[in-house]
Amino acid sequence: MKSVCKIIILGSTGQLGTALKQVYQNNDRYISTFLNRRSVNLSRTESIHKLKDYDFDILINTAAYTAVDKAESQQRRCAKINALALEEIAAICQKKQALCVHFSTDYVYDNDLNRPLLETDPTTPKSTYGITKLLGEKLLRAICKKHFIIRTSWLYSRQGQNFVNTMIRLSKEKDEIRVVNDQIGSPTFVDDLALVTDKLISLYREGNQQSDLFGTYNFSNQGETTWYGLAKEVFRIKNIKTPLLPITTEDYPTPAKRPAYSVMDCTKIKAVTGMTIPDWQDGLRRCL
Ligand SMILES: NC(=O)c1ccc[n+]([C@@H]2O[C@H](COP(=O)([O-])OP(=O)(O)OC[C@H]3O[C@@H](n4cnc5c(N)ncnc54)[C@H](OP(=O)(O)O)[C@@H]3O)[C@@H](O)[C@H]2O)c1
């Protein structure tokens, strides 16, 4: 591939989009274009087609409908952005022979296997968010040969709407906070996800384009915890004294059903990139 590569990033105002901006703006190996909802709106087909007018070698799609509970009452909208938009994006990338990098979620598994989940494990999502993300994956895989689909979990960053920032905000507003302690997963610092994404892209650019590099990868920070465990660690690092109470999923009903166990096995991405993935506590310390 050419030494300077043209890259487009969709969803540039989101958590991951912002982290990728740090990697690709002012980077002399890339000419980067960062697009937000105003330039390309994934809920409108004709807006997605504007991508045809851009000249690019790589497209990174971080844009998604991510409001997991709200999705249950906005199924069509969620499906348009997380699934049907991928049909259009994939076709445009395929036509341009561009690499399409896309992100998915641990919520696509939801298969009751109580062990770290492999990319090849069954996917039986129960929520609208999970179902639409899985459909988006399938459309991309079927239409665009050169793709990376990176499944990630429990994403947080310094800014943006995420569990970590919500806990810090609630600690200032409430006398005590009740947090679910029977859903197990792996929190992921968005900066670590951005780095591993860049590593996969570098491997692609180094000439691995014909190989079995393309495909689906799990990526999360290492280790596992519950939402309560994550909140406890946030409060310890920030020296927050507001009492935290562990509760069950039953005590805190939500519109969307979430998996009880969704820790992902990241052996594949570690082997391919040669990277060591930091523990979730390490990621959280760097974030805070
Ligand atoms: N957050 C998590 O815990 C989590 C967990 C697993 C996987 N993921 C996946 O990881 C990826 C990145 O997530 P994130 O946390 O960075 O998401 P995020 O912070 O919620 O950002 C989503 C981005 O998508 C944009 N967007 C939403 N609807 C759009 C539309 N109709 N047209 C164009 N852009 C639209 C948003 O734009 P506005 O700013 O204009 O709304 C925002 O920039 C997503 O694929 C997500 O599904 C996230």
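In which strand is the place of Ile 58? Ile 58 sits in strand 3, which covers residues 58-61, where strands are DSSP runs of E with at least two residues and helices are DSSP runs of H or I with at least four, both numbered from the N terminus.

Before I go further, two remarks on how to read this. Residues are numbered from 1 along each chain as its sequence is written. What you see is a predicted model, in which local features need pLDDT of at least 70 and side-chain atom pairs count only at pLDDT 80 or more, while totals for chains, interfaces and linings use all residues.

Returning to Ile 58, it counts as buried because it has 23 C-beta neighbours inside 10 Å; the word buried is used if 20 or more other C-beta atoms lie within 10 Å of a residue's own, exposed if 12 or fewer, and partly exposed in between, with C-beta atoms placed from the backbone. Leaving aside residues up to four places away in sequence, Ile 58 touches Cys 5, Ile 7, Ala 98, Leu 99, Val 101 and Ile 201, contact being defined as C-beta atoms, placed from the backbone, within 7 Å.

Let me turn to the ligand. It is surrounded by 25 residues, of which the closest are Gly 14, Gln 15, Leu 16, Ala 64 and Leu 155; a residue is taken as near if its C-beta atom, placed from the backbone, lies within 6 Å of the molecule. Helix 1 (15-24) and strand 4 (99-105) are the elements that give two or more residues to this shell, and helix 1 supplies the largest share, 3 residues. By class, the shell divides into 9 nonpolar, 14 polar and 2 charged residues, where Ala, Val, Leu, Ile, Met, Phe, Trp, Tyr, Cys and Pro count as nonpolar, Asp, Glu, Lys and Arg as charged, and the others, Gly among them, as polar.

How many of the 10 residues of helix 1 are buried? The helix is mostly covered, with 7 of its 10 residues buried, namely Gln 15, Leu 16, Gly 17, Thr 18, Ala 19, Leu 20 and Tyr 24. These buried residues pack against strand 1 (5-10), strand 2, strand 3, strand 4, strand 6 and helix 6.

Most residues other than glycine have a negative phi. Asn 26, however, takes a positive phi of about 55 degrees although it is not a glycine, and its place is in the loop between helix 1 and strand 2 (30-35). Trp 154 likewise has a positive phi, of about 45 degrees, in the loop between strand 5 (147-152) and strand 6 (155-156). Are these two buried or exposed? Asn 26 counts as exposed because it has 9 C-beta neighbours inside 10 Å, whereas Trp 154 is buried, with 22 other C-beta atoms within 10 Å.

Finally, the helix packing. Two packed helices are described by the angle between their axes and the distance between the axes. The axes of helix 1 and helix 6 (residues 190-205) come within 9 Å and cross at roughly 55 degrees, the axes being lines fitted to C-alpha atoms over the stretch in contact and the angles running from 0 to 180 degrees between N-to-C directions. The two are therefore oblique to each other, since angles under 35 degrees count as roughly parallel, over 145 as roughly antiparallel, 65 to 115 as roughly perpendicular and the rest as oblique. Among the residues making this contact are Gln 15, Leu 16 and Ala 19 of helix 1 and Leu 193, Ala 194 and Thr 197 of helix 6, and the contact divides into 7 nonpolar, 3 polar and 2 charged residues.

Helix 5 (residues 163-173) and helix 7 (residues 227-238) pack at about 60 degrees with their axes 10 Å apart, which makes helix 5 oblique to helix 7. Their contact has 9 nonpolar, 1 polar and 1 charged residues.

Key. Contact = placed C-beta atoms within 7 Å.
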